[in-house]
Amino acid sequence: MKILVTGANGLLGQKLVTKLINQPQHQLLATGRGVWRGEDLPGLQYQSLDIEDRQAVLDLLQKERPGTIIHAAAMTQVDLCETERGACQRANVDAVKHLCEACQTLGIYLVHVSTDFIFDGEGGPYDEAAQPKPISVYGHSKWEGEKVVMQLEHPWCIIRTGLVYGVTYRMSRTNIVLWAHQSLKENKEIRVVDDQFRSPTLAEDLAEACIAAAEKQPCGVFHISGPEIMSVFDMVQRIAAFFGLSIETLSQTDSSSLNQPAKRPPRTGLVIEKAKKELGYAPHKLEEGLAIVQEQMRSIAQQSL
Ligand SMILES: NC(=O)c1ccc[n+]([C@@H]2O[C@H](COP(=O)([O-])OP(=O)(O)OC[C@H]3O[C@@H](n4cnc5c(N)ncnc54)[C@H](OP(=O)(O)O)[C@@H]3O)[C@@H](O)[C@H]2O)c1
């Protein structure tokens, strides 16, 4: 099957590319904003695509006619979305409309990636039937995007995930694992919230789930995350223990003292039973995921010597 990936330069996008390029049963077309910024991969088909450009989206999809789109592109910086509302709307809602228009016309199966931030965090962990109630501009935009996908008459799938971690080449954004590892290694003072609960997700697991959805083509919503729920503070303690780092410079705090522009849902966490049953989803526990990240960090460091 021909699979087109959007947002290929992002964390999930790069994981999808490195997995799909090694699967001869699939033909991969990676797309992203600007040039390809991942590792050099012989034979990679990459096309620059700004998903906010409706005509460019329609033209490329008309020309390439993929069987499936895995839509990994989004404006993901939660605080930036709060202050740059127009940009957030264009990337997370309008662009989804462009993709859905093409999927509807050309009969393309869509795997759309969404977030646990569509919930208010008062009643987690959440299953797929829980009622969304976003409390940030980012959360609202992702829920609006989901509603656009749900209108499709052609089969679609929405994969909601949370707190994704991993490492790739030339990352455009950091994530909790890399930030905590780097900060503690440099003995930097860090304050981490103990009143936000999440189920951290290894980027590889999320990519596997997206590919499983592309292959099985179910219709509906799936929750995809790691198998454990923990506070962000507990997570950082476990990261420190795994990498053998001192926690002398780590202190706990609460969300109100951070003064971030966007509100965060206090307690999310996702129930993943449906994905285990229907997609064969088998996620890694945190320390298993960290072992994978550690190995990749070593290999990236060696390659950049
Ligand atoms: N990371 C998390 O903790 C998390 C949690 C829950 C849900 N999600 C969801 O998971 C999905 C993947 O996120 P991620 O973690 O891979 O985020 P990411 O690393 O920030 O990647 C997002 C990618 O989207 C690209 N993009 C943004 N606007 C675009 C546009 N107009 N045209 C083309 N590409 C565009 C970005 O391009 P540039 O690189 O050029 O900026 C970036 O490469 C998103 O739907 C996100 O909402 C992520």
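**Helix packing and the ligand shell in a predicted model**

Me: In this predicted model, the axes of helix α2 (residues 54-64) and helix α4 (residues 85-106) come within 9 Å and cross at roughly 30°. Are the two helices roughly parallel or roughly antiparallel to each other?

Reply: Two packed helices are described by the angle between their axes and the distance between the axes. For α2 and α4 the angle is roughly 30°, and angles under 35 degrees count as roughly parallel. The crossing in which α2 passes α4 is right-handed. The relation of α2 and α4 is therefore roughly parallel.

Me: Helix α4 also packs with α5; at what angle do the axes of α4 and α5 cross?

Reply: The axes of α4 and α5 come within 9 Å of each other, and their crossing is right-handed. These two helices are therefore roughly parallel to each other, and the angle at which their axes cross is roughly 10°.

Me: Helix α8 (residues 232-243) packs with helix α11 (residues 286-303); which word describes how α8 lies to α11, parallel or oblique?

Reply: The axes of α8 and α11 are 11 Å apart, and the angle between them is about 55°. That angle makes α8, in relation to α11, oblique. As for the hand of the crossing in which α8 passes α11, it is right-handed.

Me: Which element gives the most residues to the shell around the ligand?

Reply: The ligand is surrounded by 25 residues, and the closest are R37, E52, T76, Y138 and K142. At least two residues of the shell come from each of α1 (11-20), β5 (109-115) and α5 (137-150). With three residues, the element that gives the most is β5.

Me: How much of the accessible area that the ligand has on its own does the protein cover?

Reply: An oxygen atom of the ligand lies 3.0 Å from a polar backbone atom of G10, and a backbone N or O atom of L11 is likewise 3.0 Å from a ligand oxygen atom. In the case of R33, an N or O atom of the side chain is 3.0 Å from an oxygen atom of the ligand. Of the 900 Å² of accessible area that the ligand has on its own, the protein covers 90%.

Methods. Residues are numbered from 1 along each chain as its sequence is written. This is a predicted model: local features need pLDDT of at least 70, side-chain atom pairs count only at pLDDT 80 or more; totals for chains, interfaces and linings use all residues. Side-chain values use heavy atoms; hydrogens and water are left out. A residue is near a molecule or strand if one of its heavy atoms lies within 4 Å of it. A polar contact is a pair of N or O atoms within 3.5 Å; within protein, one must be able to donate a hydrogen and the other to accept it, and residues adjacent in sequence count only if both atoms are side-chain atoms. Accessible areas come from the Shrake-Rupley method with a 1.4 Å probe; for residues, only the protein chains shown count as cover. Helices (H or I, at least four residues) and strands (E, at least two) are DSSP runs, numbered from the N terminus. Axes are lines fitted to C-alpha atoms, for helices over the stretch in contact, and angles run from 0 to 180 degrees between N-to-C directions. Angles under 35 degrees count as roughly parallel, over 145 as roughly antiparallel, 65 to 115 as roughly perpendicular and the rest as oblique. A crossing is left-handed if the near helix is turned anticlockwise from the far one by less than a right angle, and right-handed if clockwise.
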